[in-house]
Structures are given as C-alpha cells and as structure tokens.
Amino acid sequence: RLAWMERLMTRVAADHGPGCEAQLFGWIDLGYNLWPLVQRRANATNAAEIIARIRGSEFQIGAALSALEGIENMSRDAFPRLRDRAEAVRTSYEDMKDFAQPMANTGHPEAADWIIAEFRRLSQRAWAAEALVALARHTQAENVRVALREIAPQAVLVGDPQPILALMSFG
C-alpha cells in the first residue's frame, strides 16, 4: 500500500463529493485507509456498510466504530448486527466499550442490556453513563431505566449527574 495512492483516492473522493461511498468501501476492502473520509460521510444510509466492516485489524474495527459513533439516528435494525459483530471480534478487539455509543444510537432497548453487561464486566466504567443517557433519548423502556438506576450512583461519584437527570426526566 502506498501513501500516495491513498492521497490520490482521498482527493478523487473529495472532488467527487457525496455519492461515492460504495467506491470508498471497495477501496477500504482492498486495504486502503480511507476511514477519515468515511467518518466524515457516515450516516444512517451507509451504517450497514460500515457495520459490515467491523472485522480484521484492531485499527479497522476502531475506525468503523468511530464512524458509527457520530450517527445519532441509526435504525433499530442495526442493533442486532452490531451485537453480532461485537461478539465476533470480542477475542481480537480490546475496547469492547467502543460498541456502546453506536449501539445506543440505534435506540434499540436491548442495547441497555448489552451496555450494562459490559459495565459489570469492565473495571473502567465512566463510558457507560454517556451511552445509556444517549439511549434514553431514544427510548424509555424499563430495562433502560433499570440500567440507568444501576449506574447512577457511580456516575454521581465521578461528578456526572446525567443518569439521574435522565431518570428524573422520565417522570
């Protein structure tokens, strides 16, 4: 892989503008690092293509998750695919917490169950509050409330009142 080729592809895609995402994904599949472009163009329409690329190196998995993190209106249908990809890469990807925000962005209530299970498994836990509060913006399902109640005490201890505020807003 040559850096000059990636620069050329980036320039061509930038000049083309929106609509060439299929070509970008093809180039990524060939091993070129065009994730910065994909991250800027990530949206609900191409989320499934990005999810399909949660595989391979830790870099590629992280880049795909980073692109998905910014898509706030992902389809609920994306959650099962994200959960399946998380389980498929669990042994090769260290930062499973990186899946939390994209899962929350789907608004699927079952995301709360996955997030809280990871919260219990990991020692670094501050990330869970942000993801659950984002999920609560999409759904007020009972399991989301239960998960928020579980993490609220620890969140308050580190100065994050958001889980409690989210619970209070539910009424």
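The structure is a predicted model. It holds eleven helices and zero strands, and 46% of its 171 residues count as buried.

**Overall architecture**

- Read along the sequence, the elements of the protein follow the pattern α-α-α-α-α-α-α-α-α-α-α.
- The C-alpha trace spans about 55 × 30 × 30 Å along its principal axes.
- Among contacts between residues at least 6 apart in sequence, 61% join residues at least 24 apart.

- Helix 1 comprises the 14 residues 3-16.
- Glu6, Met9 and Ala13 are the residues described as buried in helix 1. They lie on the same side of the helix, because they cover an arc of only 60° around its axis.
- This spacing can be read against a general rule: an α-helix has 3.6 residues a turn, so residues three or four places apart point the same way.
- The face turned away from the buried side of helix 1 carries the exposed residues Arg7, Arg11 and Asp15.
- The cover over the buried residues of helix 1 includes helix 2 (21-29) and helix 3 (35-41).

**The nonpolar core**

- The largest nonpolar core has 60 residues, and those touching the most other members are Ile50, Ile54, Leu68, Phe99, Ile115 and Leu132.
- Helix 9 (residues 126-136) contributes the largest share of this core, with nine residues.

**Salt bridges**

- A search of the whole structure finds twelve salt bridges.
- Arg53 and Asp29 form one of them, with their closest N and O atoms 2.8 Å apart. This pair links distant parts of the chain, since Arg53 lies in the loop between helix 4 (47-52) and helix 5 (58-69), whereas Asp29 belongs to helix 2, 24 residues apart.
- Asp29, with a relative accessible area of 41%, is partly exposed.
- Arg53 and Asp29 also belong to a network of salt bridges that links them with Glu49 and Arg55.
- The side chains of Glu87 and Arg90 meet in a further salt bridge, at 2.9 Å from N to O. Glu87 is partly exposed at a relative accessible area of 42%, and Arg90 likewise counts as partly exposed at 26%.
- Asp95 is joined to Lys97 by a salt bridge in which the closest N and O atoms are 3.9 Å apart; this pair qualifies because the cut-off is 4 Å.
- Asp95 counts as partly exposed at 31% relative accessibility, and Lys97 is partly exposed with a relative accessible area of 28%.

Note on methods: Residues are numbered from 1 along each chain as its sequence is written. This is a predicted model: local features need pLDDT of at least 70, side-chain atom pairs count only at pLDDT 80 or more; totals for chains, interfaces and linings use all residues. Side-chain values use heavy atoms; hydrogens and water are left out. Helices (H or I, at least four residues) and strands (E, at least two) are DSSP runs, numbered from the N terminus. The expected span of a helix is 1.5 Å times one less than its number of residues. Buried means under 20% relative accessible area, exposed over 50%, partly exposed in between (1.4 Å probe, protein chains only). The arc is that of the directions from the helix axis to the C-beta atoms. Contact means heavy atoms within 4.5 Å. A nonpolar core is a set of buried Ala, Val, Leu, Ile, Met, Phe, Trp, Tyr and Cys residues joined through side-chain atoms within 4.5 Å.
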